[in-house]
Amino acid sequence: MAPRTMFEKVWADHAIGDDLLYIDLHLVHEVTSPQAFEGLRLAGRPLRRPDRTLATADHNVPTGPGQPDELSRAQLAALKRNCEQFGVPLYALGHARQGIVHVIGPELGVTQPGMTIVCGDSHTSTHGALGALAFGIGTSEVEHVLATQTLTQRRPKTMLISYQGALGIGCTAKDLILGTIAQIGTDGAGGHVVEYAGEAIRALSMEARMTVANMSIEAGAKAGMIAPDETTFAYLEGRPGVPPDFAAAVQRWRTLASDPDAGYDHTIVVDVPALAPQVSWGTNPGQVVPITGSVPEPRDDSDQRALAYMDLRAGTPMQEIAVDRVFLGSCTNGRIEDLRAAAEVVRGRRVAATVSAMVVPGSAHVKAEAEREGLDEVFRSAGFDWRGAGCSMCLGMNPDILAPGERCASTSNRNFEGRQGRGGRTHLLSPAMAAAAAVTGRLTDVRELVGS
Amino acid sequence: MKPVRVISGNVAALDRADVDTDQIIPKQFLKRIERSGFGEYLFWDWFREPGFPLNRIEFHGAPILAAGRNFGSGSSREHAPWALQDYGYEAIVAPSFSDIFRSNCTKIGLLPVELPEDAVRELLDRAPDAATIDLERLIVTLPSGREVAFEIEADARERLLNGWDEIALTEQRIVEIERYEAERERDGPNTLTV
């Protein structure tokens, strides 16, 4: 047989004819599913595989005290009603396993190598970090999967992003992926499934790999995948959802990696040692510079508009930009290792008087684990707000939003205009960098703090 | 879904690249559990900015929206195509679309048309001058009369031309799906017992 990429193996394993793809796991949340369930009801269709479907409430849940508004309550109630009617297991607000859908999948071990996974959310690519083919879909497709457990799909193209060399001190998975998007652009991987490979990827922990795969969509990719290896298997072992015969599963998962001579439609090389900690300056995730750099000269109308929206002037050193808020959380950086990395920087320091900072764990499980380790105390005593699990200020559907004009150092994934609140200004960066900004009150090269 | 064949009429111009779905329909409107009525929230913040191009009176009522590259990037929210369609657009023309947005459009009968930069430039520069999009012939006739070919997946074209329900089409292949489940489905996590 001709050599095949990991993607091609997973695709072939799930293809029905040349245009239908079988879906192993369908993750559901409150925002993009109500119209799909309603569609099933109107057509009198059953849900084909409740045992392959899992729901949680994350986008629109409060993370602090206080009740959700009336519309949010109605949406959460609709999810509960729909899950009850169609027999879908639901981790609702208050459940010990509730959390951001892309955090709880791997955490439960229901995300596994070689699977096809979809969800009505563009950051579904996160699950590709374990060697699954995982991508976001719209509500019509959610309905299609609920009804048929399949999707009509044309085979995407393949792209290899090869990371050469090792990450420097103070640099993280977030810097890898932000640097990559800056290099190839917000549509640089459009129409492609990306495979992330190379020394720097192999060296990443499982959770750090999720940060990389998570932002595939920010480069326009259909999905992002990382070959499963010992790191993957060690992460999965003992989790509730893994196969009873774990050893046999590992045997099979070992065969998923791309064959040595497999070809890709495109190959990109990233020079990893050249990457400093990265930070976005504009209003799309390709508008990124090293923290050691300055706000760039605008090259086109988009840049011009971004500068005006962000209230920045070309040539201003990034480290001179003061922030009002710090958000630590999201499906990109809301896992336990992210909280540990930030706590490491925060320990023994105080949040700057001019800054309001919050930590939103990615799941109730992450929150409980952090509390066991005493991280909540580190954050609280430094002046951070310690919240419940959810998407929170990453998209600002709940009350966690920026006021107009406020500037936020954020570990989330999108710096679009108004993303974190109308008129709010977002700078994307890593958890360690967010912690550094919180304690100094400005965008800061974290290497200056951890070095001292 | 209503069949789509020929879309002919004025062009509204939004000469911006990377128009993301957060701009098309901001998050505060995603709390609704209905599928209709999103048009009034389209480009909510941008419509309130002075000089926003789509506020120009000559663009009102145009069935075709022309825009810059990477239109519909970001969030997978289908609320974005729902809002564009509910507002009155029948087709979006751009040099490129984000994958999920493009797919979402074809599911609801909003036609995404990818054209070369120079053809989109003519639409943007001459807007509101009318154009015609013929899905049967896969040809766009620009205001100058020049004809430009475009591509769309054959199955999506067929569905759009006939207004077919995609789920009903897949249900006709239930035997294949059952055969897959019987012969090829992998043991996977059972979400009911985790």
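Begin by selecting A:Arg45, which is buried, with a relative accessible area of 12% (buried means under 20% relative accessible area, exposed over 50%, and partly exposed in between, with a 1.4 Å probe and protein chains only). Before going on, note that this is a predicted model, in which local features need pLDDT of at least 70 and side-chain atom pairs count only at pLDDT 80 or more, while totals for chains, interfaces and linings use all residues. Residues are numbered from 1 along each chain as its sequence is written, chains are lettered from A and ligands numbered from 1 in the order in which they are written, and side-chain values use heavy atoms, with hydrogens and water left out.

**Salt bridges**

B:Glu171 is partly exposed, with a relative accessible area of 31%.

Next, select A:Asp400 and A:Arg387, which form a salt bridge whose closest N and O atoms are 3.1 Å apart. Both residues lie in the loop between strand 17 (385–386) and strand 18 (407–410) of chain A, 13 residues apart, and both are buried.

Then move to chain B, where the side chains of B:Glu153 and B:Arg102 meet in a salt bridge of 3.4 Å, N to O. B:Glu153 lies in the loop between strand 8 (147–149) and helix 5 (154–162) of chain B and B:Arg102 in helix 3 (residues 99–108) of chain B, so the pair ties together parts that are 51 residues apart in sequence. B:Glu153 is partly exposed, at 30% relative accessible area, whereas B:Arg102 is buried, at 13%.

Over all chains, the count comes to 57 salt bridges.

**Helix pairs**

Now show helix 2 (residues 79–87) of chain B beside helix 3 of chain B: they pack at an angle of about 50°, with their axes 9 Å apart (axes are lines fitted to C-alpha atoms, for helices over the stretch in contact, and angles run from 0 to 180 degrees between N-to-C directions). The contact, meaning heavy atoms within 4.5 Å, is made by B:Ala80, B:Pro81, B:Trp82, B:Leu84 and B:Gln85 of helix 2 and by B:Phe101, B:Asn104, B:Cys105 and B:Ile108 of helix 3.

In chain A, select helix 13 (residues 336–346) and helix 15 (residues 375–382), which pack at an angle of about 45° with their axes 10 Å apart. The residues in contact include A:Leu339 and A:Val346 of helix 13 and A:Val378 and A:Phe379 of helix 15.

**Cysteines**

Finish with the cysteines, for the structure holds 0 disulfides over all chains (a disulfide is a pair of cysteine sulfur atoms within 2.5 Å). B:Cys105 is in no disulfide, and the nearest cysteine sulfur, that of A:Cys119, is 20 Å away; B:Cys105 is buried, with a relative accessible area of 0%. Last, select A:Cys394, whose sulfur is 5.9 Å from the closest cysteine sulfur, in A:Cys331, too far for a bond; A:Cys394 is buried, with a relative accessible area of 5%.

Conventions:
A salt bridge is a side-chain nitrogen of Lys or Arg within 4 Å of a carboxyl oxygen of Asp or Glu. Helices (H or I, at least four residues) and strands (E, at least two) are DSSP runs, numbered from the N terminus.
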